[in-house]
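Please read these points with the model open beside you. They cover helix packing, aromatic pairs and charged side chains.

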Amino acid sequence: MITVEIARQHLKLTTTLEDANFTPFIPDALERYLRPFLGDTVIDNLWDVYNSAEDTELTEQQIEDYTALLAKVQPPLARFTFLVAAPSLDINVGQQGFTTAGSGNLVPASEARVKRFTESIERLGWDGVETLLRYLFANKDKFTPWTASDAYKAFTRGFIRSAERFNSYADIDGSYLKFYRLNQSIALVETLQVEPLLGSELFAALKAENIAGTKTNVERVKAIDLTCKAIALLTMVAEDPTKYSVPANHIYNMLRDHLNANPTDFPELFPSGADSQRAPYSEYENDGEKGFFVFGG
């Protein structure tokens, strides 16, 4: 999917580095760093475009679309391939066993310099993944195999289905990569704190309305917005409890009070004649004030 020549556009590589010492590490880099974000079918299509496969089932427009996507994939793939290959670049294996090329007039870089260099390459690689994800989400209609994949569903399985929306409630710099890395925490918040408050039936109903963009009932629309805001803020408590504990507690209680104040709009939670429901308690210690902020009750 890349060559050393392509990699040189994104890395500082000498002209002595040959494809044979670099390209064997591309599959490992692809598997480790990019397949979780792209999915199997997208990667297969990218290989077809890169290899100009004659038996590809892609249309001319799809080939054009995947060619543009390949240009977004190659920068991070080049950098991550280098990271995978780096420990082996100065070692050869043959009949003489393990050998290394003479340095000639070159002076080996210090361990500290190598560490700074590889850390910089890794940061640039992840920056490239962020650019790639933004491109995919902005052009998702062009890549239906991606939106049907588990890679895409990892971003959209919850109430909050985009980094932009999460960022509107809690600051993650609008990063899709940060949003992806918060997925497990988001899922735990939904399961352990929000669903017990809404009840399973209302939780599922509001989630479906959120996905569909249903806006026929203003109180349910407000509940969806408060639910998303509560999920984002509760998730961020683990990241920065000092900043997020108080607003998370406030929004959670606003959601609870909104449900209790409008029982007829939420029949899934309040069957006819039923008393208002209360969520289980959840406590967050505020070290700064030596107090507890309690959810529910």
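**Notes on the predicted model**

1. Start with two helices. Helix 10 and helix 13 run roughly parallel to each other. The reason is the angle: they pack at about 20°, and angles under 35 degrees count as roughly parallel. Their axes lie 10 Å apart. Helix 10 covers residues 183-198, and helix 13 covers residues 241-261. The crossing of helix 10 and helix 13 is right-handed. Please keep in mind that this is a predicted model.

2. Next, the aromatic side chains. A pair of aromatic rings is described by the distance of the centres and the angle of the planes. The model holds 18 aromatic pairs. Take Tyr33 and Phe80 as one of them: the ring centres are 4.0 Å apart and the planes meet at 5°, so this pair is stacked. The cut-off for stacking is under 30 degrees.

3. Where do Tyr33 and Phe80 lie? Tyr33 belongs to helix 2 (residues 26-38), while Phe80 belongs to helix 4 (residues 60-85). The pair therefore ties together parts that are 47 residues apart in sequence. Both Tyr33 and Phe80 are buried.

4. Compare the pair of Phe137 and Trp146. Here the arrangement is edge-to-face. The centres are 5.0 Å apart, with 90° between the planes.

5. Tyr33, Phe80, Phe137 and Trp146 are among the members of one aromatic cluster. Other members include Phe37, Trp126, Tyr152, Phe155 and Phe166.

6. Now the salt bridges. Side chains of opposite charge can pair when their charged atoms come close. How many salt bridges does the model have? The count is nine. Asp40 and Arg35 form one of them, at 2.8 Å from N to O. Asp40 is partly exposed, with 48% relative accessibility. Asp40 and Arg35 are also linked with Glu31 in a network of salt bridges.

7. A second example sits within a single helix. Glu119 and Lys115 meet in a salt bridge of 2.5 Å, N to O. Both residues lie in helix 5 (residues 111-138). They are four residues apart, about one turn of the helix. Glu119 is partly exposed, at 33% relative accessible area.

8. The side chains of Arg220 and Glu209 form a salt bridge of 2.8 Å, N to O. Arg220 is in helix 12 (residues 218-237) and Glu209 is in helix 11 (residues 200-212), so the pair ties together parts that are 11 residues apart in sequence. Arg220 and Glu209 are both buried, whereas Glu119 is partly exposed.

9. Finally, look at Thr227. This residue is found in helix 12. Thr227 is buried, with a relative accessible area of 0%. How far apart are the C-alpha atoms of Thr227 and Leu198? They are separated by 9.1 Å. Along the chain, Thr227 and Leu198 are 29 residues apart.

Notes. Residues are numbered from 1 along each chain as its sequence is written. This is a predicted model: local features need pLDDT of at least 70, side-chain atom pairs count only at pLDDT 80 or more; totals for chains, interfaces and linings use all residues. Side-chain values use heavy atoms; hydrogens and water are left out. Rings of Phe, Tyr and Trp (its six-membered ring) pair if their centres lie within 6.5 Å; planes under 30 degrees apart count as stacked, over 60 as edge-to-face and the rest as tilted. Buried means under 20% relative accessible area, exposed over 50%, partly exposed in between (1.4 Å probe, protein chains only). A salt bridge is a side-chain nitrogen of Lys or Arg within 4 Å of a carboxyl oxygen of Asp or Glu. Axes are lines fitted to C-alpha atoms, for helices over the stretch in contact, and angles run from 0 to 180 degrees between N-to-C directions. Angles under 35 degrees count as roughly parallel, over 145 as roughly antiparallel, 65 to 115 as roughly perpendicular and the rest as oblique. A crossing is left-handed if the near helix is turned anticlockwise from the far one by less than a right angle, and right-handed if clockwise.
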